[in-house]
Amino acid sequence: MRDRPSAGGTMSTAQPPQPVDAAENRRRWQAVGVGLVAAFMTLLDVSIVNVAVPSIDRALHASPSDLQWVLSGYALTFGLVLVPAGRFGDARGRRNAFVLGIALFTATSALAGLATSPTWLVAARLLQGAAAGVVNPQVTGLIQELFRGPERARPFGLLGATIGISTAIGPLLGGLLIAIGGEAHGWRWVFFVNVPVGIVAMILGWRLLPERAAGRAGRRRLDPIGVLLLGVGVVLVLLPLVQEQQWRTPWKWALIPAGLAVLVAFGLWERWYERHREPLFDLRLFTFQSYTLGSIIALVYFGGFTAIFFIFTLFLQNGLGYSALIAGLAITPFALGSAAASALGGRIVNRFGRPLVAIGLLGVVLGLAATVLALRFWPHAPAPWVTAGPLLIAGIGSGLVIAPNQTLTLAQVPVPQAGSGAGMLQTGQRIGAAAGIAAVGSMFFSSLADNHGNWATAFEMSLLLATGIIALALVAALIDIFRSRNHTKT
């Protein structure tokens, strides 16, 4: 596979940057700034709820599957809506789609905060995830539209930093809100905090984001059959993992091959659809090696990365008895390392390329492995202290993964495919997160049941699974490096 245009000749490499005056440059950075704030808010909800899970469990008497759906359900609907929403923004204007998505996100956040039952909360989280999926492709598409070529490195670096920092710092902010609001109702403020931020983002988005570009097609098909096949396939794969403790029948595992079959049907449908009209999932983007392997890295890495906070906060609060605030503080070393490395990674990615991502992935794997060893060798020491160093290393590695991988993967995507290309990348991230939470969470609760409530063993086993998943992303990065070098030699 080479980085080349497709056979049809419709793909093209990125255009060289054109000079812009100071006023125009200020306007486009204002627009990107508003987008990053919205992206931070929606991506924060991927992890901020983790630290609130024990409080939700006690307040609503939720089952393990309810708790997993609160987290993985958000990531799942987030991912499924991304590509259709990116297409909608391409066709109808990113400002309209952005403001609509923020309005829906604000309303569903309030709905989640008012929940009185697990079913209510899960339904609100599914809707909230869909609203977040409307917002985020507008941000990535906006960057693709306003910047060209190497200019994209800085805004994509900031977006990657936003993704990494928001996901990593979420547990700390959640712990602070619960400490302020109290154990009984503090978890509600994890959702309510989005309401004032969302209102401000709607106003600024309408004022600062550009309208639809001139000449943009006004009607583009959204391919609902493709979206439905993707959604059904992913849900069938996730169901036996999430419901592993509740569904005792062994027939539940038959849903996984059924889901994979539906996903194959999805791929075939998209290939057929491409011959007749413009596809929603533009599979021609996968003729680019950088896009293909970068998407695989994102899918697999988020499968291991996002689940870590879920099991860690459960282990600290329910297993060791720490407060939500202390559990959030325990993640802070990871957040600090991720923030610092993300800022650096966005600046040096064009110099080092994919090897930088591989170094970051290796750092994450080593840091998480060291976390397991630290807890095993010092089982009676305060867990937040003995894990601080290893998590700092893992956070630094994570910062060198997300921002650079985002930049490298999208660097060659042409502007007309900006929304769909970025949407497919984030779809992989969100579906990976949903699958990772389901798989690692299933391992955690199964180990907890099999070992008679031994929280340390359950956490160790599930963390090792998450580490193994991330190691697979490292393998994909190394394949990209070796293939690129061999192609350069030939």
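How many salt bridges does the count come to? By the rule used here (a side-chain nitrogen of Lys or Arg within 4 Å of a carboxyl oxygen of Asp or Glu), the count comes to three.

The model is predicted, so local features need pLDDT of at least 70 and side-chain atom pairs count only at pLDDT 80 or more, while totals for chains, interfaces and linings use all residues. Residues are numbered from 1 along each chain as its sequence is written, and side-chain values use heavy atoms, with hydrogens and water left out.

**Salt bridges**

| Pair | N to O distance |
|---|---|
| Arg125 and Asp45 | 3.5 Å |
| Asp480 and Arg354 | 2.5 Å |
| Glu460 and Arg376 | 2.0 Å |

Helices are DSSP runs (H or I, at least four residues), numbered from the N terminus. Accessibility is given as relative accessible area with a 1.4 Å probe and protein chains only: buried means under 20%, exposed over 50%, and partly exposed in between. Arg125 is buried because its relative accessibility is 0%, and Asp45 is buried at 0% as well.

Asp480 and Arg354 also meet in a salt bridge; Asp480 lies in helix α18 and Arg354 in helix α14, so this pair ties together parts that are 126 residues apart in sequence. Asp480 is buried at 4%, and Arg354 is buried at 7%. Glu460 forms its salt bridge with Arg376; Glu460 is in helix α18 and Arg376 in helix α14, so parts 84 residues apart in sequence are tied together. Arg376 is partly exposed, at 48%.

Val364 lies in helix α14 (residues 354-377) and is buried at 1% relative accessibility. Apart from neighbours within four places in sequence, Val364 is in contact (heavy atoms within 4.5 Å) with Tyr301, Ala394, Gly397, Ser398 and Ile470.

Thr387 sits in the loop between α15 (383-386) and α16 (388-410) and is buried at 0%. The Thr387 side chain reaches the backbone oxygen of Ala383 at 2.8 Å. With neighbours within four places in sequence left aside, Thr387 contacts Phe312, Thr371 and Leu375.

**Positive phi values**

Most residues other than glycine have a negative phi. His61 has a positive phi, near 55 degrees. His61 is in the loop between α2 (53-60) and α3 (64-92) and is exposed at 68%. Phi of His452 is positive too, near 55 degrees. His452 belongs to the loop between α17 (418-450) and α18 (455-489) and is exposed, at 75%.

Conventions:
Helix = DSSP H or I, 4+ residues; strand = E, 2+ residues; numbered from the N terminus. Polar contact = N/O pair within 3.5 Å; in protein donor to acceptor, adjacent residues only side chain to side chain.
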